[in-house]
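Let's take a look at the charged pairs in this protein. Have the sequence and the 3D view open side by side.

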Amino acid sequence: MSNLDLVRKNGRLAAGLASVAVAAVVAGGVFASQQGPADRASGAAPLPGPTSTPSTTPKPTSPPTATPPPSSTPGSTPPSNKPTTGSNTGPATVDVVMEKLGDGRAPQLPYLAGREVRGGPGGPVKIPGTGIILGIARLNTAALAVVERVSADKDKLPFGSDLIQVRYGEVRKTPDVSSLVGKEDQSAVAYSTTRFDAKGTLIKGSDLYAEVDGSIQRLELANSWNVEVLAYRGASVYFRAAATSGGQQTLYQWKPGASKATSLKAITSPVTVASDGTIAASLKQLNDGSCATVTAIDSGTQLWRTCDSRLVGFTPDSRIAVGVGAAFESSSETLTAHEARTGKLIRTWKGHFYDAVAEDDQHLLAVTVVSGNPVAGTLKLAIIRCSIPTGQCERSTPDALDQSVILR
């Protein structure tokens with residue numbers, strides 16, 4: 001199940017809620033601001049150093065600079081500040097208790113608060129309409145969102161989604177877009193379409209787009225099924241697609257402007273690609289659950305496998321793999337950090353998470369449940385930041401948010 005599928009599942013349950021809550025109440029009590037944990041040995045503590053409470057509309061900040069991959073010179077030693085075994089501190093397992101977390105800075109990546117895209121090189125931008133927002137990205141100062149169509153019949157679920165791009169108040173719509181990714185520096189985006197017939201049945205074919213500096217490149221995939229963009233790394237767009245309806249999806253690499261994509265058939269059921277383009281994570285559903293694997297792209301060699309996490313991303317330096325609980329559910333009780341090429345488990349956080357992404361080489365951002373549940377229409381969410389080397393966490397958004405917060 002893709003991240004967009006998870007958002008669709010949760011989003012439909014939460015549809016109809018307001019965009020941003022004015023205040024949040026958890027377990028009958030108001031959130032404790034700047035309150036540290038009672039037990040730092042087992043609970044998530046605020047990150048060290050002075051922090052200030054961000055406003056509900058944080059000023060745009062520059063995106064983090066990706067750290068180059070480590071040198072391959074034999075005998076080289078990684079920097080001491082990297083989350084290797086020797087530099088790790090704190091407990092291996094950390095309990096995240098939301099009311100004990102202090103407030104930290106706003107996310108340094110674009111994120112969604114209600115219907116407002118915040119962060120990145122531009123100011124806050126509201127996405128028009130009422131459809132559920134399935135994914136977001138920044139393209140310089142523009143904000144982009146994949147928005148599920150609203151059905152004219154309230155008793156029927158809508159089918160299909162569109163890309164809405166807002167730049168300086170002007171709105172551009174690209175029909176049938178179902179997946180969207182952006183480069184880490186927000187300088188380019190890639191997106192793909194999904195086609196339906198008049199009855200809402202999925203049909204063959206897709207268009208793949210790459211957009212940068214006002215130029216749009218298009219690749220027609222007339223014979224492909226279930227196309228989804230996964231990553232924009234360097235000069236390449238990585239996506240997955242199947243040759244037949246319901247068939248196994250494999251990894252493809254496309255350099256915008258090229259007339260065709262390269263099939264990387266050794267990588268099946270892919271979910272993401274590391275920033276350096278050398279390894280990919282996959283997720284395969286089994287009879288009693290799912291297992292994630294990391295595979296070397298050039299050789300097709302499987303490096304490691306885990307059935308305890310589904311991997312959702314890598315840190316910008318490609319050293320750490322980020323995982324959440326293995327079950328194909330809309331939320332997870334664990335967040336994990338693994339050494340990307342060995343699978344060694346570095347840290348486990350316990351809580352209630354909807355999604356996670358690496359903010360930089362040292363920190364993870366996770367969409368976390370504050371209170372309530374989507375079925376009752378009382379779900380409240382927030383973004384937290386957790387340190388990979390220490391395990392300490394803090395709140396990155398001070399408000400409780402009604403609509404799912406999406407980090408991509």
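## Ground rules

This is a predicted model, so local features need pLDDT of at least 70 and side-chain atom pairs count only at pLDDT 80 or more, while totals for chains, interfaces and linings use all residues. Residues are numbered from 1 along each chain as its sequence is written, and side-chain values use heavy atoms, leaving out hydrogens and water.

Searching the whole structure turns up 14 salt bridges (a side-chain nitrogen of Lys or Arg within 4 Å of a carboxyl oxygen of Asp or Glu). In one of them, E359 pairs with R105, with the closest N and O atoms 3.6 Å apart. E359 is in the loop between β28 (345-358) and β29 (363-371), and R105 is in the loop between β3 (93-95) and β4 (111-113), so this pair links parts 254 residues apart in sequence. Strands here are DSSP runs of E, at least two residues, numbered from the N terminus.

E359 also meets R385 in a salt bridge, at 2.7 Å from N to O. R385 belongs to strand β30 (residues 380-387), so here the parts tied together are 26 residues apart in sequence. Through shared partners, R105, E359, R385 and E394 join into one network.

How accessible is E359? Its relative accessibility is 2%, which counts as buried, and R385 is buried too. R105 is partly exposed at 36%. The cut-offs for relative accessible area are under 20% for buried, over 50% for exposed, and partly exposed in between (1.4 Å probe, protein chains only).

## D276 and R341

D276 and R341 form another salt bridge, their closest N and O atoms 2.9 Å apart. D276 sits in the loop between β21 (270-273) and β22 (279-286) and R341 in the loop between β27 (332-339) and β28, so the pair connects parts 65 residues apart in sequence. D276 is partly exposed at 26%, and R341 is partly exposed at 40%.

How values were computed. Helix = DSSP H or I, 4+ residues; strand = E, 2+ residues; numbered from the N terminus.
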